[in-house]
Amino acid sequence: MKHYLDLVPISAKIHKKQSRMSIFCIVLAVFLVTTIFGMADMFIRSQILQAQQESGNWHIAIRNISNEKAAIIASRPDIEVFSPYGVLNYRGNLGYTLGGKNVAICGCDERYITEIWTDQLEEGVFPQTSNEALVTENAKQIMGVAIGDPIAVETPDGDKLNFTISGFMNNTASIMSGDSYGIILNTEDYCTIYPNVSDGEPNDYGIMFYAQFANTRNIQGKIADLKEQCNLSDEQISSNNNLLGLLGQSRVPFLLQVYLAAAVLFVLVMLAGIMMIASSLNSNVAQRTEFFGLMRCIGATPKQVMRLVRKEALSWCRLAIPVGISIGVVVIWVLCAILRFLSPEFFKAMPTFGFSVPSILAGIVVDLVTVLFAAYSPAKKAAKVSPLAAVSGNANDLEPARNAANTQLLKIDTALGIYHAKANRKNLFLMTSSFALSIILFLSFSVTVEFMQHTLTPLQPWTADLSIISPDNSCAIDKTELDSLKENPVVDLAYGRKFAYEVPSVTNGIEKKMDLISYEQYQFDWARDYLLEGSLESVQTDLGTGLIVYNSQNTIQTGDTVSLNIDGQSEEIQIVGILSNCPFYSAADVGTIICSEDTFEQITGESKYTVIDVQLVKGATDEEVYVIRQMVDSSFTFADERMGNSSTMGTYYCFWLFIYGFLVLIAMITIFNIINSISMSVSARLKQYGAFRAIGVSMGQLSKMIVAEAFTYTIIGGVVGTVLGLFCNKLLFGMLISYRWGDAWTPPLPEVAVILLIVVISIILAVQGPIKRIRNMSIVDTISAQ
Amino acid sequence: MTMEILKVQDLCKTYRKGEAKVEALKKVSFSLDKGEFAAVVGESGSGKSTLLNCIGALDTPTSGHIWVDEQDLFSMKEEQRTIFRRRNIGFIFQSFQLVSELNVEQNIMFPLLLDYRKPDPAAVEEILELLGLTERRHHLPSQLSGGQQQRVAIGRALITKPKLILADEPTGNLDSKNSQDVITLLTQASRRYQQTILMITHNKNLTASVDRVFRVSDGVLTDLGGKTNEALS
C-alpha cells in the first residue's frame, strides 16, 4: 500500500458482496442504455438497408429541368450520384407488351442501376450498346429467354422494337403484383423510342433525375440550397420520405411526430438508467458512510474522503461499464443474427459483429456521470461527519429517526416495515421512482406494438398472397372461379370482393363520392377488431345497411342514411357502424362503405366479383402458384403479392424483434432491478435485523417486515408508475396512432396487468434472498459487531 | 420452597476456525433459583459472553442442556425458541440495541407488540416510573443519554415479566453514577418481581449487590458463592 487511495481496492475485496451489488446495478443500467440505444440504432440501420433496397438509395428526385441544368447539378460536390430515370407504360395502360404481357420500359444511366439500386443486377451487364436491354427475371422463367437472345416489344401502333438481352435484373414487387415484365434501356435508347416528343427536354420523356447526396447530414439544408441556386420550385422536387425519415432528415409531419415519440422514449430510458444507479447506490449509504466516518476518525480530511469515494465509484465503473457494454453488444449481435436468419433478402448486409458507437458512448457517459453523482451525496455526508461522532461509534447513526413509527394501526412488524420504507425520503423517492420508471417504460414501449400492427399490412389476417383482378375494376369474375380456387389443395383461403368505385352520394345534404365494397363472412370476421362503433351483425343480416370506414374528414355517423346514385337511380344505404380501418385505399376525398354481398347486389345489381384474394398454405412453391396462374382466365390480372408481402414481413420481423426485444429487456431489467434494490435495502439494515432477532423478533416477523417494506415501494411505485405510464402511453398513442389512424385511446389494461404482475413476482422473488440471508446470520456476530 | 428457574448442565461450546479449535465453554453446569441475582466475572475472552449467549438462545451450544423454567431450550425449533425467549428471557445488551424508529414507550412495549398483545397501560406506566422515564416517554433513543437508553433497555426486559433476565455488561458503556443506577434498578426488579438475573460484568464493585458470583476462566465456570468481594480480589 503506497497511497491512502490504495485502501479502495483492499476495502472492495473485503466488502465483496456489497461491491458486487453496486457493480451489478451499474452493469444493469449500462446494459439497459447500451442495449436499448443499440437496438434502436440497429433497427434504424436495418430499416435504412431495407428502404434502400425497396425504394432505392436516392434522397430527392427532380423533374422538369433541362439537360444543362441537370449537368450543373450533377457536378455539384454535395451530389454523389445524379442519374436520369424515365419509365414508359409503368401502369400498363399504354399498350406496350412483351410476350403478350404488359411491359414497363425504363431508361436510365448505369449508375442508377449500380448505385441508386444495389443488388438489382442479377446476371449480365447494363446495356453497353444501342438496342441492348436488361430484362426482369420473371421473363426468363415465363418466356424461357437467356442473355444474348432477341426480344421484341410490341408498341400500341403494332410496331416491334427489337432488343438483345444484355442481362437480367431482379423482379420488383410492383412487376410481380401487376403481372407484367420490365425492361431497362440506356437513356439514349429510351429517348429514341419515346413516342410523340417535340422539344427533346428530359421532361418530355417523362424523365426525372434521382439524386443521392454525398453525405446525409442536413439534407433539408442542401435541398434548400439547391432550390435557391438552381431556381427550383417545390413542385419540381420530390423527396424519398421513407429513407429521409429513417435518416432523421424528413419534414413530413407524421415522421416529426415519430421523432418526438422516439425522443420521449429516449429520455425515459436515460431516466431509468439514472434512477436505477442512484437508488441502488443510495441504499447502501449507511454502510459506506460508516466506513468513511471511520476514515475521518483516523485523520482523513473531508477532501480525502471525497477522493476516496470518487475512486471507489470509478473502480466500480471500471469493471461494470465494460461488462454492461459487452453484454449489450452481444445481445445486439444475437438480435441481428436472428434478423439475418429471418429475412436474409433484406438484412444480409447487416454486420455480423457490428458496433453501435452512439449506444456505447451513451452507455458510458450516462452511467459514469450518474455513478459519480450518486456516489457524491453519501460522500458529502460522510465528509461532514465529525471525527468525534465516528470515534464514539455513532457514525452509523447519521440519520436518526425523525419521528416514531405508528404502531397503533398496524401490527408492529408491518408498521416497522412500512416505516423503514418511508424513513429515508430520498431513498423512498429513488426506489419508488426506479420501480415506477420500469412501469412507465413498459407502458410507453407497448404503444410501439400497436404502431407496428397499424403500419404493417401483412400482419392483417386478410392479406392475400395472390389476387385475381378484373382488368377494368369491373365486377366480372364469376363465382365459379372462386369455387374452383377453393378446391385447390395449396389454397388455404379464397374470398371475393365486389367494388363500385367513386359512386356519387349524398348524406345529410353533403355530396361526396363513395367506394362501395362487399364483404363475405371471413372479411366481416376480420373486421370485428376494427369496429369502432355499431353492429357487424346488422350489416350482415339486414339488407340495405353498411359500415363507414373512418376518415378524419368524414362527417358520416352511425344512423345516417347515404343516398347512392347508381346509374341515375338513387339507392339508399343506412350506416350501422364505423370501422377504424380497411385494407383498401380510396382516392382523395372518396369515402368507403362496406356492405354485405346481398346488399351490394341489391344496390348495384352486380353479382360477380371484382377481386378474388387467395391465401396459400405454408410452403406453397412457385410451380404450384404457376399451376394456379394457368387455371385463371388469362383476361384477368394475376397479381402475385408474395414478394411485396415478404418485404413487409422483413420489416415486420425487424419491428417485432426489436419492439418485443425492448419489452422483454424492460421486463428483465425490472425484475433484476427490483431484486437488487430490495437486496441492497435489506443489506443496509442487516445489523438492525440482527439486533431485532436478538431482542426476540421471530423470523416470520422479520419476513413480514421485509415484505411490508418491499410492498410499500411496490405500491407507491406501482401507483405512480401506472398513472404516469398511462399518461405517457396516451401521449405516445396520440403521436403515433391517433394522429395517423384516428383510433381513440383506451387504457392498455392487459399491458398494465402484465407489468404489475412482473413487479409483484419480482418482489416475491426479491424478498426470498434477504430473508434467507438473515435466517443464516449469526445473531451473536451481529451484536458483537456493533 | 425454592424454585429452579435456570439449569445449565454440561454445557460445551467449541469454535472451529480451519484447523484451530477453541473450547469456549467446558462442561459448564450450574443453576439459579427464582429471584436470584447472579454475576459472572472473568477476563476478556474467558467465555462469559458465550455462556450468556447460549443461555439466551442467541447461540447454540456444541453439547449440553439448558433448561429455563423446566423447558429444554434446544429441543425447541428456531421459531418456537424465539417466541419462548421473547416471553421468558429478558436481554439487556451493553450497546442497548434499542429500535431507533420507536420512542421510549414503544421500545418498552416492543416485546408485547411482537406477541401481538395489547400492553397494559398501568404496567407500562409503572415501569416508566420505576425507570424515571415518564417525562421522556415520547423521546426517540437518539434524544436520550447513554444511561437513559440503558434504562429503556431494562424496561424492555422487564415488561414481559420474564422469569430470567440476562445482562451482558449492562454498564459497560456508562459512567459510574449511571452504572450504579442500573444495578440498583436490576436489584429492585429482582426483589420486586422475583426475577432471576444473570449479569456479566467487569466491574467488581458491582458484584457487591448480587446474591451469587461465578467466575469463568478458560471456559471453566467456578461458583464463588454469595457476595464475596474478597474472593474476587
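## A first look at chains A and B

B:Gln9 stands opposite B:His65, a residue in strand 4 of chain B. Please keep in mind as you explore that this is a predicted model. Chain B contains seven helices and ten strands, and 48% of its 233 residues count as buried. In chain B, 70% of the contacts with a separation of 6 or more join residues 24 or more positions apart.

**The open sheet of chain B**

- Strand 1 (residues 4–17) and strand 4 (residues 63–68) of chain B run antiparallel and are joined by five bridges.
- These two belong to an open sheet of four strands in chain B, with the order 2-1-4-5 and antiparallel pairing.
- Which strands stand at the edges? They are strand 2 (20–33) and strand 5 (71–72) of chain B; each has a single partner strand, so one side of each has no neighbour in the sheet.

**Helix 6 of chain B**

- How far apart are the end C-alpha atoms of helix 6 of chain B? The helix has 17 residues (176–192), and at 1.5 Å a residue it should span 24 Å; its end C-alpha atoms are 24 Å apart, so the two values agree.
- The buried residues of helix 6 of chain B are B:Ser179, B:Val182, B:Ile183, B:Leu186, B:Ala189 and B:Ser190.
- Looking down the axis of helix 6 of chain B, you would find its buried residues within an arc of 120 degrees, so they line one face of the helix.
- On the other side of helix 6 of chain B, the exposed residues are B:Lys177, B:Thr184, B:Gln188, B:Arg191 and B:Arg192.
- What covers the buried residues of helix 6 of chain B? The cover includes helix 5 (146–159) of chain B, together with strand 3 (37–41), strand 7 (164–168) and strand 8 (196–200) of chain B.
- After helix 6 of chain B comes B:Gln194, which has a positive phi, near 55 degrees.

**Nonpolar cores**

- In soluble globular proteins, nonpolar side chains tend to be buried together.
- Here, the largest nonpolar core has 181 residues, and the members that touch the most others are A:Ile26 and A:Ile277.
- Helix 2 (residues 16–55) of chain A gives this core its largest share, 18 residues.
- Leaving aside residues up to four places away in sequence, A:Ile26 touches A:Ile277, A:Trp316, A:Cys317, A:Ala320, A:Gly324, A:Asp367 and A:Val371.
- There is also a second, separate core of 50 residues, and among them are A:Phe126, A:Phe209, A:Ala211 and A:Leu243.

**Where the two chains meet**

- In the contact between the chains, 24 residues of chain B meet 24 residues of chain A.
- On the side of chain B that touches chain A, helix 2 (78–88) and helix 3 (104–114) of chain B each supply at least two residues.
- Which element of chain B supplies the largest share of that side? Helix 2 of chain B does, with six residues.
- By class, the side of chain B that touches chain A has ten nonpolar, eight polar and six charged residues.

**A loop glycine in chain A**

- A:Gly100 lies in the loop between strand 3 (97–98) and strand 4 (101–108) of chain A.
- Is A:Gly100 buried or exposed? A residue is exposed if 12 or fewer other C-beta atoms lie within 10 Å of its own; A:Gly100 has 11 C-beta neighbours inside 10 Å, so A:Gly100 counts as exposed.
- From C-alpha to C-alpha, A:Gly100 and A:Ser180 are 9.3 Å apart in space, while in sequence they are 80 residues apart.

Terms used
Residues numbered from 1 in each chain as written. Chains lettered and ligands numbered in written order. Expected span 1.5 Å × (residues − 1). Buried ≥ 20, exposed ≤ 12 C-beta atoms within 10 Å, placed from the backbone. Arc of directions from axis to C-beta. Contact = placed C-beta atoms within 7 Å. Core = buried A, V, L, I, M, F, W, Y, C linked by C-beta atoms within 7 Å. Nonpolar A, V, L, I, M, F, W, Y, C, P; charged D, E, K, R; others polar. Pairing = 2+ DSSP bridges.
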